[in-house]
Every structure is written in structure tokens, then in C-alpha cells.
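Subject: Structure handover

Dear colleague,

Please find the structure below. My notes on cavities and salt bridges follow.

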Amino acid sequence: MRTRSLLLAALAAALLVGAAAVPAGAAGPGTPRTWGSNSFGELGSGTTADRFTAGPVAGLGDATELAGGREHVIALRADGSVWTWGSNQYGQQGNGSSANRPAPGPVAGLAGAVQVAAGHYHSMALLGDGTVRTWGMNSQGQLGDGSKTRRTRPVQVRNLTGVTQVAGGRGHSLAIRSDGTVWTWGYNAFGELGDGTTTSRTSPVRATGLTGVLQVAGGRDHSLALRDDGTVWAFGHNAYGQLGDGTTTHRSTPVRVSGLTGVVAVAAGAYHSLALLGDGTVRAWGRNNLGQLGNGALANRSTPVRVGTLAGVASISGGRDHGLAVLGDGTVRAWGANSYGQLGDGTTTRRTSPVAVQGLTGVETVTAGRAYSAAL
């Protein structure tokens, strides 16, 4: 998922050597483009027809940031309002209903947002005052309001201020505070909250031992944290090696991803992880049964491997079983699962190495969900 944190911009500037910088925040206002599965209206096209190449989101011309949930998408608009489309069975659209919507509509009563994020079935917005609003599924406490009550309109995360970035996993949520500490809440069966326990939480708790954190990302049941020294730390589910520590042991406290330095951005898929290095190359690790590591193979990896021959990468994102990268020239590459056309190459052929997404130029940021992709 993408971050608006200005701290990430500082990290990119500090670590970048001879490559395009990671976009630090929102893209220039524009119309999102989407492709892939559309059963719930997650492409925002006004229909539920899949498409194998990128097409525009209906009636949304001033988006500045996107966040992809499992089958719903969140857009931040230039005026600070938040709009959503796609699946809504748990209220993740934030409009007071549970009806899916195939075209964008506003989140009720929400203004002054500066960043958005999505879990599988819940949504998040960081406001300019450093507080966080959440809505949608809450069976594991992932909304952080002290309850497990589903919310179809935004509620405030309890006891959390001074936030600079938020991220969502399947049933857990993460936030960075201005002091560089990480706070988490929700599902914790695999230790994805990083507090040294496997106890789920309905209010934020501090992840153990993490300081100087500039970006966080949430996978299905694991979490990633990028520190200001360019190292990456991970915790939670690790059956496929997605924590990158050379093992398949779940971790309830953060462990360092092996061999990674000079990282400027991180992203997470369901069971795989991604890192963008300051030299513009990408590393991936974890599950690889569908080619989601992009290294030309199908074997899982418990330590990072290079994604193809990608170079000059400016931004990354992870879908459930696929990956996306924006190059410095504004074109997009994709790899991994492609049963619904989520790679945007006009086919449904799985790809173990990056391929070009057709018809996209001038892209600054990407996001992805279960079987769809979006670009802005």
C-alpha cells in the first residue's frame, strides 16, 4: 500500500542512488485506471464485467491516492474527501449501507483526509489532525474502536494521535506515530501485531522494539516495517517465508528481513512481501506458487530474491498473488497470478517474470487487491 508520509520522502532522498525517487505522497489529481476481476464492482466502471486491460474509473477525475482492499477500492480526492467502490457486505464503503456499488461514492461524514488504506474488508483514513477513522468488518477488532461491532460509517480509533501513516492487513491494522513507533490492533493469531503475544486487540498496542519506522505494510496475516536506516522488519505469519528471516517460523515480535539494506519502500501481498531498493531494483520473498515473486520460478523463498530484471522502479504494490511496479517513465510492470486479467497484459496467463501492463503511461502509483489492479 502507498504512504503519504513525508518521512518516507526523506528516506527516499537520503538513500536513493541513481534511480527515480519513490513518490512521497499523493499523485497529481487524475482518473484512476483499473483492470482484472470485477464481480463486486471493484473496477469502478459502473458494471461488473471483468477487463483484461486498464480502463477508467467512472466519474472520478481528481483522485490523488488509491488503496486496494480484497474486493473494494478507496480513493482520496484532492479536496480531502474519501470515495469508495466495490464490495460492501461488511460496510467497507462507509456509506451506511451494505450494498455493493460498482461506481465511486463518498464515505459519509469524512473530510480532511490525508491518506487512505484498506484491509481485506475494512477501510482506513488518516486525517490531517493525526487521528484515524475506520469502518467495515470488525470481527477481530480491526477498527480499533474498542469493540467487535461492524461499522458502516467511520469511527475513530481509540487513544491514537500523532499518526503519520496507516496500513491494513486481512484482519489487523497498523499505524506509525510521529515518534517513529508502530501501533497495531485487530487479529493476532500469528503475532501480526508484533506485541509479543497472539492475543487479538480491539484497541491499539505498541509493536515491540520498533523505533525510527517510516512505513508499514500489512499482508494477509503478516506485517512489514521499514526503518529509517533502510532495514526492513517483519512479524506474524511465516509459513511461506514471507517474513524473510530464512525460516518458516511465525514471529510475534519483529525480526529483521535477511540481507536487505538501502530499502526505500515496502509492500505486502497475501503471503509474499516486496521491497524497493534505493537503486531502483525490487526484492521479493515468501509464497511463489503463482509466480508472485517475479523471479522466473515457482519455488517459495524465505529470503529476498530479485524481481526479474526490473530497474528504475519508482513505486510498488502487492496484490493477493501478484505484484505491480511503476517505472520512472510512468509505465507499469506486473507479474504473478492472472486468472482474471489482473496483470493487464490482455491475457489470463500466469507470469513468473514482469510483463508490461498495456496502455498505461504517466502512472505515479499503483494498488492491488485479490484479483484486480489499479493505477493513478
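How many cavities of 30 Å³ or more does the structure hold? There are 2. This is a predicted model, in which local features need pLDDT of at least 70 and side-chain atom pairs count only at pLDDT 80 or more, while totals for chains, interfaces and linings use all residues. Residues are numbered from 1 along each chain as its sequence is written, and side-chain values use heavy atoms, with hydrogens and water left out.

Cavities

A cavity here is a set of points on a 1 Å grid over the protein atoms alone where a 1.4 Å probe fits but cannot get out; lining residues have an atom within 4 Å of a point. Grid points are joined across faces, edges and corners, and a volume is the space filled by probe spheres set on the points.

Sorted by class, the lining of the largest cavity has 14 polar, 6 nonpolar and 5 charged residues. In this scheme Ala, Val, Leu, Ile, Met, Phe, Trp, Tyr, Cys and Pro are nonpolar, Asp, Glu, Lys and Arg are charged, and the others, Gly among them, are polar.

Salt bridges

The whole structure has 10 salt bridges (a side-chain nitrogen of Lys or Arg within 4 Å of a carboxyl oxygen of Asp or Glu). For accessibility, buried means under 20% relative accessible area, exposed over 50%, and partly exposed in between, with a 1.4 Å probe and protein chains only.

Arg170 and Asp221 form one of the bridges, at 3.1 Å from N to O. Arg170 sits in the loop between β11 (163-168) and β12 (172-177) and Asp221 in the loop between β15 and β16 (222-227), so the pair ties together parts 51 residues apart in sequence. Arg170 is partly exposed at 24%, whereas Asp221 is buried at 3%.

Arg151 pairs with Asp145 at 2.9 Å, N to O; Arg151 is partly exposed at 27% and Asp145 is buried at 14%. Arg251 and Asp245 also meet in a salt bridge, at 2.9 Å from N to O, with Arg251 partly exposed at 26% and Asp245 buried at 18%. Finally, a network of salt bridges links Arg70, Glu71 and Arg370.

Regards

How values were computed:
On a 1 Å grid over the protein atoms alone, a cavity is a set of points where a 1.4 Å probe fits but cannot get out, and a pocket is an open set with protein on both sides within 12 Å along at least five of seven lines; lining residues have an atom within 4 Å of a point. Helices (H or I, at least four residues) and strands (E, at least two) are DSSP runs, numbered from the N terminus.
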